[in-house]
Amino acid sequence: MIGGLLLNKTVNVIAVSGRDLVEEARRLHNLSRVCTAALGRLLLAVSMMSARLKTETDSITVTFAGGGPAGNLTAVGHAGGVVKGCITNPEVELPLNALGKLDVSGAVGTAGEMRVIRDLSLKEPYVGRCALVSGEIANDFANYFLVSEQQPSLVYLGVRVEPVSGEVRSAAGLILAPLPDCPEEDIEKLEALAPEISALSRHIDEGDELMTALDKLFDGLGFEVSDEMTPVYRCDCSRERLEGVIVSLGEAELTDIIEKEGCAELVCSFCSKHYNFNKDELSVLLERAKRKDDEEPDE
Ligand SMILES: [Zn+2]
């Protein structure tokens, strides 16, 4: 992942080449080809949005609820481009669309909305929501940035998969955001660049390093690099966190589980890791739930 500036420092650039992180998502969730493209694009976008978060506890969560057959897609990003994601129906596959491409909007749907939660430590989380405009994800992000954050942006997200095996060949993303002092003629240069932007994916697919591909794309636009990061798919789930989830079920439901099931198995929806809790462990958590119920009486 590379951050930088264009056109006399008047345009913010963040770009990512994330084949390995999208392939990790595909492997963990056993994603179909179209779901690899859909969740992959979302992961690329969230990795770029969260790249410059300040502290380890800051996070950005983006959910697409478009009403399509793939269900909801969610990605969570932390500083430096650490991301994880999940999708309701990872196995959904669709025929190629009229352009011969993976039908991402068909899988995601176009009827619903996207939600963005910016959780910056100490402050109340900022929650933004915006109707989907295409379900193809990049256009939806561009629309969200403009409508909800008053930030016009060019957003490109491209995931290429092997037609037979479904493995990820390449995955690239780019967000260009003019700063408030960007002069009109530079905005026009960016608009002229828009049709060329998908060349990023092509160059990377052909074997270019991200920096080389960006130098080609931004030729003559005064590209200056400011920071480089390594994006990665990583889940931060833990047994302690899931204990908290079980405690939050409350005394009544937890008593019910202990009596009827005698144990519990939780599966992390972001990394598919299994966590098992036996009766004794659940009983300890029940005691914690009871204390919590005493502290926080229902209103
Ligand atoms: Zn996990």
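**Domain arrangement and sheet architecture of the predicted model**

The domain assignment of the chain divides it into domain 1, spanning residues 2-233, and domain 2, spanning residues 239-295. The structure described here is a predicted model, and the C-alpha centres of its domain 1 and domain 2 are 36 Å apart. The contact between them draws on four residues from domain 1 and four residues from domain 2. On the side of domain 1 that touches domain 2, strand β5 (residues 82-87) is the element that gives the most, contributing three residues. Sorted by class, that side of domain 1 comprises two nonpolar residues, one polar residue and one charged residue.

As regards overall dimensions, the C-alpha atoms of the chain fill a box of roughly 70 × 45 × 35 Å along the principal axes. The radius of gyration of the chain is 21 Å, which agrees with the value near 19 Å that a compact globule of 299 residues would have. Of the 299 residues in the chain, 39% are buried. When contacts between residues at least 6 apart in sequence are considered, 65% of them join residues at least 24 apart.

The secondary structure of the chain amounts to 10 helices and 13 strands. Six strands form an open sheet with mixed pairing, in which the order is β7-β6-β3-β4-β5-β11. The edges of this sheet are formed by β7 (126-131) and β11 (232-233), each of which pairs on one side only. Within the sheet, strand β3 (residues 59-65) runs antiparallel to strand β6 (residues 113-119), and the two are joined over seven bridges; Val62 has Val116 of β6 as its bridge partner. Helix α2 (residues 33-50) packs on the sheet, where it touches β3, β4 (73-78) and β5, and the direction of the helix makes an angle of about 30 degrees with that of β4.

Just after α9, Gly262 adopts a positive phi of about 80 degrees.

Conventions. Residues are numbered from 1 along each chain as its sequence is written. This is a predicted model: local features need pLDDT of at least 70, side-chain atom pairs count only at pLDDT 80 or more; totals for chains, interfaces and linings use all residues. Domain bounds come from an automatic or database domain assignment. Two residues are in contact if their C-beta atoms, placed from the backbone, lie within 7 Å. Helices (H or I, at least four residues) and strands (E, at least two) are DSSP runs, numbered from the N terminus. Ala, Val, Leu, Ile, Met, Phe, Trp, Tyr, Cys and Pro count as nonpolar, Asp, Glu, Lys and Arg as charged, and the others, Gly among them, as polar. Two strands pair if DSSP finds at least two bridges between them. Axes are lines fitted to C-alpha atoms, for helices over the stretch in contact, and angles run from 0 to 180 degrees between N-to-C directions. The radius of gyration is taken over C-alpha atoms; the globule rule is 2.2 Å times the number of residues to the power 0.38. A residue is buried if 20 or more other C-beta atoms lie within 10 Å of its own, exposed if 12 or fewer, and partly exposed in between; C-beta atoms are placed from the backbone.
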